[in-house]
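Student: Could we go through this model together, a few questions at a time?
Tutor: Gladly, let's have it on the screen.

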Amino acid sequence: MGGVFGHMSHIYDNPYMTFGQIKDVMNKASSGELRGTEKTDGQNLFVSYNINDGTVRAARNKGNIKAGGMTAADLLDKFAGRGALTDAFVNAFDAFERAVESFSDEEKRELFGPNTNVYYNAEVMDPANANVINYDKKTFLIHRAGHAAYDRETGKPLPEYSGKNFSGVMAQKLQSALEREQRDLTGEDFKVQVNAIRNLEALSSDEALQQAMARLDSFMRGVRIGDNDDIGTYIVKRFDQLLTNILPELDTNEKKPIIKRIMEDYYGVIEGEKGPKKVRGLETRQILKSIDKPELNDQIKSVINNYPDYLKKFIFPVEDIIHDFAVEMLRSLKSAFMLDSDEELQRQRQEVDRAIKAISKSGNEQAMEILKKQTEKLKNLEDVSSAAEGFVFDYNGNTYKFTGGFAPMNQILGLFKYGRKGIPPLAEGAEDYIRNTALYPGKFKPPHGGHFNVAKSVLENPGVNKLIIFVSPVEHEGISAEQSVAVWNIYRKHLSGDVDIRIADVTPVRSVYDYIDDEAERGEDLHLILGEKDIEGGRFGSAAKRAEGRGINVAEVPIPPQMGGVSATQMRNALKTGDKQTFLAGLPAELNDAEINDILDILSAPLEEMSSAGGVGGLQGGPGGAFKDRAPSVPGSEHLRRRKKKEFVSEVADYLLGISVG
C-alpha cells in the first residue's frame, strides 16, 4: 500500500508486539480464526467526493488533500504520458464517479462529508498495468482499512474520524450503496467494489505451527527473551550489546541517547500512540555533544548512520520464522480477482526463476549480493505459495499482513525489471519512464539568488524531471513560510521544468522522509539537494537505507554555502536596516522591476496578512478555501470518540524515558 495510508506492517514491525502475542497470532491463524481480506497488488489511490460541485476527487499525498483533492483533469495531468498507468487511473476514477453519481444527496453527505472530508483507501487493479501479479478483472477495490476524515489545513486524519472502527463503519456503508447501484452499472470497464471479508483457512495439520513455535522458543532462549517481552525490548537489548562490543568506552548513560535516536528514528516509540511510526529522532550533533568524547565521534556516527543494517540483522531471525509460517498459511489462499489462481501461481514462479538466472549471470556484484539476501528469505520457488499477494488482518487494534513469498519475490522482480542505483534493468522492455525527482529542503527565509541558482541548476540537469521544494513552516526573524512560498512562486516563472513548492508539515527533514515513505515510486531516482551542514550533520543519513528496500534510489547532492554570493541572514539584515542595495544584489538577476517590487511588497507585509490570505501559491487549502471544520459532521460516526494516547508500559519506554540531550 503506500500513499496517504502509508506502510502496512508485519507483526514483527510493531515494537509493542510481545513474543507471546506473536505466538497467539500464529495459533489463531493455524486454527482458521484469523478474519480479514486479501492483500492486493495494484496502484493505491484515495478517493472522495465533493458534494458542492458533484465531482469525485482523488489524493495520493497530504498535499492533494489540503488542496481539496485532484479532479479528473488533475489526475489525467498528473499521470499523463504513462501509458497503461494513465489509462488505469483515469478509467477507474471514471467508474467510481459514475457509481457515486447514482447515490442520493443524503448518502453522498453521509459517506464523504460536507466538504470533501472523507477519503477512502482504494486500489486500482488493471491487467494492462500489472505490477507483479496479473489479475484477470479490472477492479477499483475499496479496502476495509485506512479510511478517514481529514483536516484540510494539515492534510492529517482527524483522530475522532479515523481508525479501525471508523473505517469499518464507512466501508460497510459504502459497500451497501455500491452493491445496490452496481446492478445498474453492468458492462462498465471497471467494477467498483469493497474488498470482501473472509477467513484465512486453517492448516490441515499442526506440523507448520509446531515447527514455527519450536524455532521461536529456541530463538527466545538464545537471546534471553520471554513471552511478555516485546519486539522493542529485544531490539534495545541487541543495540545495547552491540554498543558494548564496539564502543566499550561508553557507559550506560552514554549509550542511551544513541539507542533513543535509533528507536525514535525507526519506530517513533517516544511520542504518539503505540504502533510502528516514523518520526525523526535526536540530531547526531546533539548526541555527540552530550557524550563529549570526540575521539569516538566517527564510530558513533557510523552506528547511527548504519542502524538500518543492524536492525535488519537483529530482526531477521524473527522475520524468517514468521515468513516460513506465512508461506504455509497462504498455500490455500485463492485470489478473488483472477480466474485461475493456480495458473497465475505457476507464471509467477517461472518469472522469478527467469529473474534469478538473469541476475546470477549478470556479473554485477551488487545485484548478486541483493539477490543473495532475497533468496535467503525465499529459499526456493515453492515459497511462492499463493497467487495472491497476501492476507490482511486486525489484531489488538492494529492492522497487519501475511505476505509469505511475495515480499522477496517482489524485490527480486523489481531488481530484474527496474534495477537500482548502479544496477541497470536486466529485463528486456523495462520501463522507459523512470521518475527522477530532486528534493530541496530548507528554511528559505527568504529565498534568495543562491537558492534560485541551485534550483535552476538542478532543473537543467537532464537526469531530473521534477523539483520539489520543501519550505520550513516556522517563522524566522519575521519572515513566514507563506511569504517564502510567495517569493518562490515569482522565481518559478524563470525556472524551466516541473516545480512543486510545498510548506513542510513539521520540518523540511520530516517532509523528505515522508516523501520517501508515502510518495516515491518503485524505480524512482531521488536527488537530495543538501547544504554541507546537512550532509555533515547526518540529518538525512538513513534516507538511502529507508528507500532501498522499495527499489528507490537516493543520492545526496551537495551544494556550496552562499551559492550566488549572499546568505539568507544578509538578506534579512538588509531588510531590517533598509539596505536596499544589498538586498537587491541578493535577488536573481532574471527578475524584472515589477517582480522585484512584488517581492518587496510580499516581504514587508505583516505576517497576519499573509496567513489570512489563505492561498498563497495555491497551497493553503486550494479550491474552495481552507477546511475550517476540524470535526466534520459525518452521520453514523457520532459514537466514535477521540482516541486517547496510551501510557507507555513496556520495558522499552522505561529504558528510554527521561533521557535528555543538551
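Predicted model: local features only at pLDDT ≥ 70, side-chain atom pairs only at ≥ 80, totals over all residues.

Tutor: Residues are numbered from 1 along each chain as its sequence is written, and side-chain values use heavy atoms, with hydrogens and water left out.

Student: What percentage of the residues in the chain is buried?
Tutor: Buried means under 20% relative accessible area, exposed means over 50%, and partly exposed is in between (1.4 Å probe, protein chains only). The chain has 662 residues, and the buried share of them is 54%.

Student: How many helices and strands does the chain have?
Tutor: Both are DSSP runs numbered from the N terminus: helices are H or I with at least four residues, strands are E with at least two. On that basis the chain has 25 helices and 16 strands.

Student: At what angle do helix 13 and helix 15 pack?
Tutor: Axes are lines fitted to C-alpha atoms, for helices over the stretch in contact, and angles run from 0 to 180 degrees between N-to-C directions. Angles under 35 degrees count as roughly parallel, over 145 as roughly antiparallel, 65 to 115 as roughly perpendicular and the rest as oblique. Helix 13 and helix 15 are therefore oblique to each other. Their axes are 9 Å apart, and the angle is about 55°.

Student: How many nonpolar, polar and charged residues are in the contact of helix 13 with helix 15?
Tutor: Helix 13 brings residues including Gln 348, Glu 351 and Arg 354, while Lys 417 is one of those from helix 15. Ala, Val, Leu, Ile, Met, Phe, Trp, Tyr, Cys and Pro count as nonpolar, Asp, Glu, Lys and Arg as charged, and the others, Gly among them, as polar. The contact divides into 10 nonpolar, one polar and three charged.

Student: How far in space is Lys 417 from Ala 427?
Tutor: Lys 417 sits in helix 15 and, at 22% relative accessibility, counts as partly exposed. Ala 427 is 10 residues away in sequence, and the C-alpha to C-alpha distance is 5.0 Å.

Student: How closely do the axes of helix 8 and helix 12 come to each other?
Tutor: These axes cross at roughly 125°, and the two helices are therefore oblique to each other. The contact includes Tyr 234 and Phe 239 of helix 8 and Tyr 310 and Phe 314 of helix 12. The axes of helix 8 and helix 12 come within 11 Å.

Student: Which residues does Asn 134 touch, not counting those up to four places away in sequence?
Tutor: Asn 134 lies in the loop between strand 4 and strand 5, and its 29% relative accessibility makes it partly exposed. Its C-alpha is 7.1 Å from that of Glu 344, 210 residues apart along the chain. Asn 134 touches Met 338, Glu 344 and Arg 347.

Key: Contact = heavy atoms within 4.5 Å.
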